[in-house]
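Here is a friendly walk through a protein model, one feature at a time. Take a look at the sequence and the structure, then read on.

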Amino acid sequence: MLMARSFMDLIWDYAVFVVFIIFSTLYPLWGRFFGKKEKTKADYVFGLGTISMGAMMLSIARGTLGVRSVLGYPSELFYRGSAMWETLYGMVTAYPLVCFIFIPVYFNLGVTSVYQYLDLRFNSRLVRCLASGTYIVRSLLNLGVTVYTPTVAMNTVIGIPYWASLIGISAISIGFNLLGGLKAAITADVIQSVTMILISVGIIIQSMVTVGGFGEIFTIPANDGRLSFFNFTGDATVRVDTTSAWLGQLFMSLSIFGCQQNFVQRYLSMDTFKEVRRTLMSNIPVVIALFCLAWIVGMGVYAVYAVCDPMKAGYTNKMDEILPFFVEDKFAYLPGVLGIFMASLFNGALSLNVSNLNSLATVTWEDFLSHLPRYKGISDKQQLNVIKFIGSIYGVIVMGVGFSVGLLSGVIESSMLMTSATSGPLLGVFLLAMLVPIANWKGAACGMIVSHILTLWITFGSLTVSKEVVLLPTTIEGCTNDTFSSGITKPTKSWLLANTPLEVESEFPYFDTTTHAPLERTIGFPENIYSVSYMYYSLIGTFLTVVVGALVSVLTSHADDAYDRKLLHPFAYYCSKLFPGKERRYISNPDIRPKDVESADSGTKKSPLDELERDNHGFDTVSEQSGVTVVSVDPLPPKLDRPEVYRKTADPEADR
C-alpha cells in the first residue's frame, strides 16, 4: 500500500512519529541516569524491588499477545472470521496451570535461567543445553521476523525505507540492552500497551461514527458470517475449530508462559510466590480485555468496509494492510494519528526485541558461557558486563536475520514452523521434570530428540501437501467515489513488496496468512499425518516427549538418578508416595540456593527459607516473625555431615 500523499501532507505524521519514538526510548532509561542503577547481575536480570505489580501485569499481557495482535487479529476477523478468537480459552486456562504447576517448583531455587532448573533436576548438561539451545534458535528467528514486520508497514504507509527502520530498531534495542535491564524493558512494554489501547479505542469510536452506532459494529459482521463460535468439527485437518483453538493455544501458552525465559524472568523478579500468584490471576481479565479489544477493532473495520473490501478493490496488497489502510483513510482529517499508529508498531517491535535480548543474553551466559574455565570465578560486575555484551551481539544477529527476511521470504515460514514444532518438546521436558518422579536425564534427552525429529518431520512434510487458500467472501459492490478519502490511490507494487509477505508471526505461530484447507480428505499415509492442523503441533510434541521420556526412564532407571525432592512438584511427590514399590532415594542438592528478597521492614536481604518461611508450594500460613502471609510447608531438615537422603516406599525403580 504505497501512500499517494506528499511529504508535506504527512509532515505532522513524521513529526509525531519521531517525537513518540524519542519519548518511548528515553523515558524507560531515565532511571539509568537519575534513579537507581543496575549495580548487580540480579538488578539487571530481575529489576529487584523496582517493578510495580501493575507494570508487570501489562508487560506480561503485552508479551502474551505480542505485536501480532495489532495487525493480525483485525485482518483475521475481516478475511477468515472469529475462529481464532476462541484461542482465548487456551490462554485463560494456561494462567492458573502455570501459576500452580510451574511457578511453585522453581520460584525459590535461586535460578537465573529457567533452563538451569533442568540441569538441577536431571544433573545433565545435555538436557539443559537442548532446551536452552532450542529457545535461543527459535527466539532469534522469531525476533528477526518481529522486527521486520513493522518496517514493511512503515515503508508502505509513510515511506520510511525498511532498512532504515530495521537499523533504528536494532540500534535502540542495543542501547536499551547496554543502559537498561528488565525494568527498562517492562517500562517500554507499558508505554506500548497504553498507546495501543488508546489507538484501538480511537479506531472503535471512528468505526461507530462511520457506520452509525456501536451496535452496528457487531450486527454487520454477524450478518455476514464473521462471528461463529463453538464449532466442534471433530476433524483434525480443519485449520481451526473450537477444540483445536483451545487445545492448541493451551499447550502453546503453557510452553511460552511456563518454559520461556522472558516470561519466567518476570515472575522471578517478584519477591514472593503470593505476589506472583496475585499478578498472574489478576492478569486474566487484563488479557481478556486486551485480546477482545483487538478483535472488536477488526469488527469495526469490517463494518466500515463490509460493502467495499480495499484488498479486493486493489487498494491494498495483503490482508494485514487493512488496519494501517483504515487509519490512513478514516483519520486523514486528524494529522498525526497515522504517525503515532506507525510509531506504536515500531515501539512494539522494539519493546519485544529489548525484553527478549535480555532473556537471550541471560540464558546464553547461564547455560553455556558461565561453565567455561576462563569465566570461572569472575565477579558479579564482570558477569553483568558479559551479559550486556552478549545481548548487544544478539541485537546485531537479529538485525541480520531481519535483513534476510527481506531478501528470502522463506525465512518467515521457517520461523513460524520452528516455533510451532519446538513448543511441544520444551513443554514436555519440563512436565517430565516436575510431574514424573521416575524421569531421568536419559529419558528427558531421548524424549526431546524424538519429539523434535517427529514434529519437524510432520511440520515440513505439511508443506508437500497440496492445499488451497480459503477466505470468507467479500464484495466491492458498494464502492463509490466517496468510499475512501481523497488522496488514496491504488498502489504501485515494487519487486520487494511483491515478494515479501507482511503476514508474519512473533509469538504465536499459527496465524500464518497462507493457512489452507485440504482439497481432499481421502488421502493415505503419510499425507494424512501431514494434513493435521498445525494447531495440534504443540500438543503432539508434548505428548511424544512425555511418553518417550517416561518409557526410556523406566528402562534405564538407576540409583544415580537421585535428585533433591524440592525439584519435584509437591503434588507429584505426594502422589508418588501412594504407589507401592521400592524406596526412592532423594538427596540434598547444595546448588539449590533460595532467591534473596528484601525485607519490607528493614530493607535488608534475607532468604525466604529463613525461619522456616518456604514461599514455594502455594499453601498460605502467617509467619510470626514477619507478620505477612507466606507459603510454608515442611520444616527445614537438620544439617547433616553427610548428604541428606530422603526415602519413601513409593518407587519401584529406585536403589537398584
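## The chain as a whole

Of the 656 residues in the protein chain, 59% count as buried, where buried means under 20% relative accessible area, exposed over 50% and partly exposed in between (1.4 Å probe, protein chains only). This is a predicted model, in which local features need pLDDT of at least 70 and side-chain atom pairs count only at pLDDT 80 or more, while totals for chains, interfaces and linings use all residues. Residues are numbered from 1 along each chain as its sequence is written, and side-chain values use heavy atoms, with hydrogens and water left out.

The protein chain has 23 helices and eight strands; these are DSSP runs numbered from the N terminus, with helices (H or I) of at least four residues and strands (E) of at least two. Among contacts with a separation of 6 or more, 84% join residues 24 or more positions apart. Contact here means heavy atoms within 4.5 Å.

## Two packed helices

Two packed helices are described by the angle between their axes and the distance between the axes. For helix α1 (residues 11-26) and helix α16 (residues 337-367), the angle is about 35 degrees and the axes are 7 Å apart. Axes are lines fitted to C-alpha atoms, for helices over the stretch in contact, and angles run from 0 to 180 degrees between N-to-C directions.

Which residues make the contact? On α1 they include Phe-17, Phe-20 and Ile-21, and on α16 they include Leu-338, Phe-346 and Leu-350.

## Aromatic rings

Rings of Phe, Tyr and Trp (its six-membered ring) pair if their centres lie within 6.5 Å; planes under 30 degrees apart count as stacked, over 60 as edge-to-face and the rest as tilted. The count comes to 27 aromatic pairs. One of them is the tilted pair of Phe-291 and Trp-295, at 6.1 Å centre to centre with 45 degrees between the planes. Because these two residues are four apart in helix α14 (residues 273-304), about one helical turn separates Phe-291 and Trp-295. Both Phe-291 and Trp-295 are buried.

Elsewhere, Tyr-305, Tyr-315, Phe-325, Phe-326, Phe-331, Tyr-333 and Phe-484 form one aromatic cluster.

Leaving aside residues up to four places away in sequence, Phe-230 touches Glu-86, Tyr-89 and Thr-242.
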